[in-house]
Amino acid sequence: MQKSIQNIIQEAKKIVFFTGAGISAESGIPTFRGENGLWKNYNPMELATPKAFKENPNLVWQWYEFRREIIRKAEPNIAHKTIVKFEEFAKTYVITQNVDNLHNRAGSKNILELHGNIEKNFCSVCGKRYDFIVFEDKLKAPICEDCKGFIRPDIVWFGEMLPQGIYRNAIYHAENCDVCFVIGTSGLVFPAANIPISAKKHNATIVEINLESTNLSEISDFFFLGKASEILPKILPQMVN
Ligand code: OAD
């Protein structure tokens, strides 16, 4: 007989939350795919590749300033905050594809950002860091004070490698967790989508929360159809009762 989700999460010593843009949708941050997704109206090849930045650094900078403006006005929602509460009951790791910094602002302790963080920047030439700095000029890519190279956001662009230490660490936690929640992601972008796949291969229970079935639904042991901010607060009490 299949164990109930309540039994499984109560027994879990280590939980991974693998999150995507859908978890921040209710904070007012647009997702990438689907009807109102960013990639429906904007071409990622013109905005989120090393080639795009080389050809038009100012346009790429403006794109990230546009997104920063939305993100800075947003607040973590109940889903981000509920994840923090799981830390009381099990070792909890958040492995996110999101660059919006909202897990951090919600107070999660162990966060692995696979695709970078929109509040961090570095010089594209010498690598000097410019993290958590608000640049005055929203229209022009800033210039490095040391080498005069263009400063770029610390975001993984299409065609770039994921930060290898972070990815390896994420795979390690996926392989060693008991439960892997998959929340608000289409599961279409690799290698990030390997996280729940690795967890499954190592016998974790996969619990998916989404508004629709996804690329990862076939490996899910439990699927909850609905908004992350409505479903997660209903699951949390099952850790205790
Ligand atoms: P997507 O836009 O591909 O998918 C968002 C998912 O969230 C969809 O499956 C929606 O059904 C779901 N969703 C929307 N609102 C939700 C809600 N309130 N509750 C639960 N689910 C909801 O976003 P990602 O999978 O995160 O890469 O995209 C992966 C990567 O593609 C991003 O990290 C980004 C993008 O190109 C980089 O920036 C490098």
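On a 1 Å grid over the protein atoms alone, a cavity is a set of points where a 1.4 Å probe fits but cannot get out, while a pocket is an open set with protein on both sides within 12 Å along at least five of seven lines, and lining residues are those with an atom within 4 Å of a point. Grid points are joined across faces, edges and corners, and a volume is the space filled by probe spheres set on the points. This is a predicted model, in which local features need pLDDT of at least 70 and side-chain atom pairs count only at pLDDT 80 or more, whereas totals for chains, interfaces and linings use all residues. Residues are numbered from 1 along each chain as its sequence is written, and side-chain values use heavy atoms, with hydrogens and water left out.

## Domains

An automatic or database domain assignment supplies the domain bounds, and by that assignment the protein chain is divided into domain 1 (1-28 + 75-115 + 162-241) and domain 2 (30-73 + 118-155). The C-alpha centres of domain 1 and domain 2 lie 27 Å apart. Across the boundary, 14 residues of domain 1 are in contact with 15 residues of domain 2, where contact means heavy atoms within 4.5 Å.

## The cavity

A search of the whole structure finds 1 cavity of 30 Å³ or more, and the space in this largest cavity is about 40 Å³. Its lining is made up of T96, N98, D100, N101, L102, H103, N104, I111 and E113. Helix 8 (102-106) and strand 3 (111-113) are the elements that give two or more residues to this lining, and helix 8 contributes the largest share, 3 residues. Helices (H or I, at least four residues) and strands (E, at least two) are DSSP runs, numbered from the N terminus. By residue class, the lining of the largest cavity holds 2 nonpolar, 5 polar and 2 charged residues; here Ala, Val, Leu, Ile, Met, Phe, Trp, Tyr, Cys and Pro count as nonpolar, Asp, Glu, Lys and Arg as charged, and the others, Gly among them, as polar.

## The pockets

| Pocket | Volume | Lining | Nearest the centre |
|---|---|---|---|
| Largest | about 1100 Å³ | 49 residues | G20, A21, T31, F32 and R33 |

For the largest pocket, helix 2, helix 3, helix 6 (57-73) and strand 7 (205-210) each supply at least two lining residues, and helix 6 gives the most, with 4 residues. The lining of the largest pocket divides into 25 nonpolar, 17 polar and 7 charged residues, and it draws at least three residues from each of domain 1 and domain 2.

For the second largest pocket, strand 3, strand 4 (116-123) and strand 5 (151-155) each supply at least two residues of the lining, which is divided into 7 nonpolar, 2 polar and 5 charged residues. The second largest pocket lies between domain 1 and domain 2, because both domains give residues to its lining.

## Two buried residues

S27 is placed in the loop between helix 2 (22-25) and helix 3 (38-41). With a relative accessible area of 13%, S27 is buried, a term that means under 20% relative accessible area, as against exposed at over 50% and partly exposed in between (1.4 Å probe, protein chains only). Leaving aside neighbours within four places in sequence, S27 is in contact with A74, E75, P76, N77, H80 and L102.

A79 is placed in helix 7 (residues 78-86), and at 0% relative accessibility A79 also counts as buried. Apart from neighbours within four places in sequence, A79 is in contact with I23, A228, S229 and L232. The C-alpha atoms of A79 and A106, which are 27 residues apart along the chain, are separated by 9.4 Å.

## Cysteines

A disulfide is a covalent bond between the sulfur atoms of two cysteines, and it is assigned here to a pair of cysteine sulfur atoms within 2.5 Å. By this rule the count comes to 0 disulfides. C123 is in no disulfide, and the nearest cysteine sulfur, that of C147, is 3.5 Å away; C123 is buried, with a relative accessible area of 1%. C144 is likewise in no disulfide, the nearest cysteine sulfur being that of C126 at 3.7 Å, and C144 is buried, with a relative accessible area of 1%.
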